[in-house]
Amino acid sequence: MTTGKINVSVENIFPLIKKFLYSDHEIFLRELVSNGTDATLKLKHLTSIGEAKVEYGNPLIEIKIDKEAKKLHIIDQGMGMTSSEVEKYINQVAFSGAEEFLDKYKDAAKDAGIIGHFGLGFYSAFMVAEKVEIITKSYKDEPAAHWICDGSPEFTLEPSDKTTRGTEIILHIAEDSVEFLEESRIKSLLNKYNKFMPIPIKFGTRTEKIEQKKGEEVAAEDKDDTFKSVEVDNIINNPNPAWTKLPTELSEEDYKNFYHELYPMQFEEPLFNIHLNVDYPFNLTGILYFPKLGSDMQIQKDKIQLYQNQVYVTDNVEGIVPEFLTMLKGVIDSPDIPLNVSRSYLQADGAVKKISNYITRKVADKLKALFTENREDFEKKWNDIKIVLEYGMLSEDKFYEKSAGFVLYPTVNGKYFTLEELKENLKEKQTDKNGKLVVLYAGNKDAQHSYIETANDKGYEVLLLDSPIISHLIQKLEADNSDLTFVRVDSDHIDNLINKDENTISKLSDEEKENLKIVLEGFVPKQNYSVQLEALDSQAAPFIITQPEFMRRMKEMSQSGGGGMFGMGNMPEMYNLVVNTNSELATNILNTSDKSAQESLVKQALDLAKLSQNLLKGEELTAFVKRSFELIKS
């Protein structure tokens with residue numbers, strides 16, 4: 001028997017392990033199962049090249065709970081270790097600069113999984129165990145070894161009578177960690193971290209009925225003489241998940257089944273998937289799914305799972321996956337993503353940026369292919385995916401460059417255009433006096449219905465752009481397309497295009513117009529409305545409320561998180577009240593000598609205009625309703 005001290009530079013390594021990883025102490029199981037998997041895969045490789053003269057067989061990893069004895073067993077059938085290898089890999093935990101290490105990580109808030117960073121994955125066992133045993137036998141023809149350590153630097157190492165190849169780690173669970181003796185807790189951890197490990201993981205057994213062979217005895221309690229009940233290994237993981245296969249090996253049904261395996265509580269089918277598979281200049285596989293998203297920017301993110309060689313790492317893929325794609329779901333697996341701590345926490349370096357760029361390009365290429373292959377189907381899905389694509393256009397230049405080939409601009413009437421198609425469609429009719437194409441759009445089809453109707457009556461196309469970030473996107477599109485401008489259908493700029501007719505002459509003289517403006521300004525609140533008199537088409541509404549395009553757009557950008565720089569978070573609501581001087585109402589207001597009647601006409605007309613813009617609320621709405629009933633009665 002050998003006894004000694006583990007070779008560490010400081011004697012309080014075990015208290016440190018508990019302290020610094022306490023908030024994440026459940027990762028001990030992931031680390032130990034991963035070590036067992038590594039040992040098994042290494043043996044597979046050695047047998048395949050003839051270096052290990054043993055039968056590889058069908059190894060698995062087994063997890064067993066002994067609740068009464070307060071022990072947790074992790075057993076593999078991998079390479080195993082000789083006594084000298086235990087000495088080398090377990091006892092000689094030597095890392096340089098321990099004092100600097102202690103100083104650097106003395107703040108517990110910086111813990112973040114430091115153990116794996118220093119190659120101490122096995123020692124994460126001491127986060128939950130007061131004593132740890134290793135019973136191991138190498139695939140080489142050497143005696144088995146039994147290592148014991150009670151959480152102090154002292155250990156014992158002695159021969160073992162183990163006869164089968166592999167390693168068994170026995171954790172004597174500490175009093176403050178007895179939760180890890182509960183079957184449900186262990187099962188949830190295995191499901192979280194090891195669901196797709198490449199080696200089968202056995203956790204308990206389950207009863208199955210299988211067809212019995214002739215001549216076999218049937219258990220007395222088994223009434224069915226065709227089947228018999230047997231105990232079979234309960235393999236809880238899928239060693240061959242869909243992302244490890246080639247796209248040609250998978251059907252659409254396979255992709256859908258894997259989606260529901262990833263998200264068992266997600267009942268809605270994904271819209272489509274993107275299979276990632278690259279081996280140069282880095283290795284990366286994965287499957288991304290587009291769920292139905294709509295226009296909600298508050299969608300739950302962190303649904304993409306990051307794996308490293310089929311070991312779950314994190315669902316925080318920031319930096320690897322472009323931010324706009326974090327609203328998607330799925331899996332990414334790469335051995336080349338640098339992890340600076342315990343298979344977690346990514347280092348932002350050149351390799352990660354290349355991976356991010358690749359994913360961006362791959363998603364853009366897939367979207368273009370879907371658009372080209374079945375445009376009708378793509379259009380049907382547009383409203384469910386547009387928020388991701390619009391966000392991508394704003395945040396990723398490479399994605400923006402490719403977006404012209406598949407990003408759509410729908411009209412209120414259900415037609416869809418690409419940007420180039422839009423330009424071609426508008427050039428005849430929707431050009432302003434400066435030669436720019438005027439793209440009319442509505443943000444709310446119902447609220448802006450009267451304005452949309454007026455535009456449609458004139459033969460103009462009106463887009464329906466209703467995402468919360470549309471103002472930002474419009475700014476970018478206008479900056480990159482000097483030949484067009486976007487104008488909301490209820491904007492002040494629209495008068496020049498829709499309501500005005502160059503040949504229309506005002507029925508009122510200049511003096512009458514001046515008097516009308518004085519009357520109107522006497523009743524219209526100056527702090528919110530700027531009165532403008534326009535000689536519009538006689539069919540146009542008498543009172544029209546528009547909003548200054550620039551001010552409205554800046555306010556929208558501020559509200560959606562991008563306008564803080566403009567200092568417009570608390571801008572007052574300012575509107576233009578456009579009064580059609582060719583309307584009969586304008587003439588009636590001007591010719592009414594009774595001030596009270598004049599005021600009633602102006603207020604009623606203003607409230608009607610406000611009502612059409614959904615601006616009439618609260619006390620004003622109540623007063624308007626009462627006044628309307630009085631007018632009906634009279």
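**A walk from a buried threonine to a charged patch**

With a relative accessibility of 8%, T418 counts as buried, because buried means under 20% relative accessible area. This is a predicted model, so please read what follows with that in mind.

Let's stay with this threonine for a moment. Leaving aside residues up to four places away in sequence, T418 touches F371, R375, A404, V407, L408 and Y409.

Now step back to the whole protein. It has 18 helices and 24 strands. Of its 634 residues, 49% are buried, and T418 is one of the residues that count as buried. How much of the contact set with a separation of 6 or more comes from residues 24 or more positions apart? Such pairs account for 72% of those contacts.

Which residues form a negative surface patch? The patch is made by E252, E253, D254, E268 and E269. One of these, E269, lies in the loop between α7 (252–262) and β10 (272–278). Is E269 buried, exposed or partly exposed? E269 counts as partly exposed because its relative accessibility is 36%, which falls between the cut-offs of 20% for buried and 50% for exposed.

Key:
Residues are numbered from 1 along each chain as its sequence is written. This is a predicted model: local features need pLDDT of at least 70, side-chain atom pairs count only at pLDDT 80 or more; totals for chains, interfaces and linings use all residues. Side-chain values use heavy atoms; hydrogens and water are left out. Patches are made of residues with over 30% relative accessible area and no salt bridge: like charges are joined within 9 Å, nonpolar side chains (Val, Leu, Ile, Met, Phe, Trp, Tyr) within 5 Å. Accessible areas come from the Shrake-Rupley method with a 1.4 Å probe; for residues, only the protein chains shown count as cover. A salt bridge is a side-chain nitrogen of Lys or Arg within 4 Å of a carboxyl oxygen of Asp or Glu. Lys and Arg count as positive and Asp and Glu as negative; His and the chain ends are not counted. The place of a charge is taken as NZ of Lys, CZ of Arg, CG of Asp or CD of Glu. Helices (H or I, at least four residues) and strands (E, at least two) are DSSP runs, numbered from the N terminus. Buried means under 20% relative accessible area, exposed over 50%, partly exposed in between (1.4 Å probe, protein chains only). Contact means heavy atoms within 4.5 Å.
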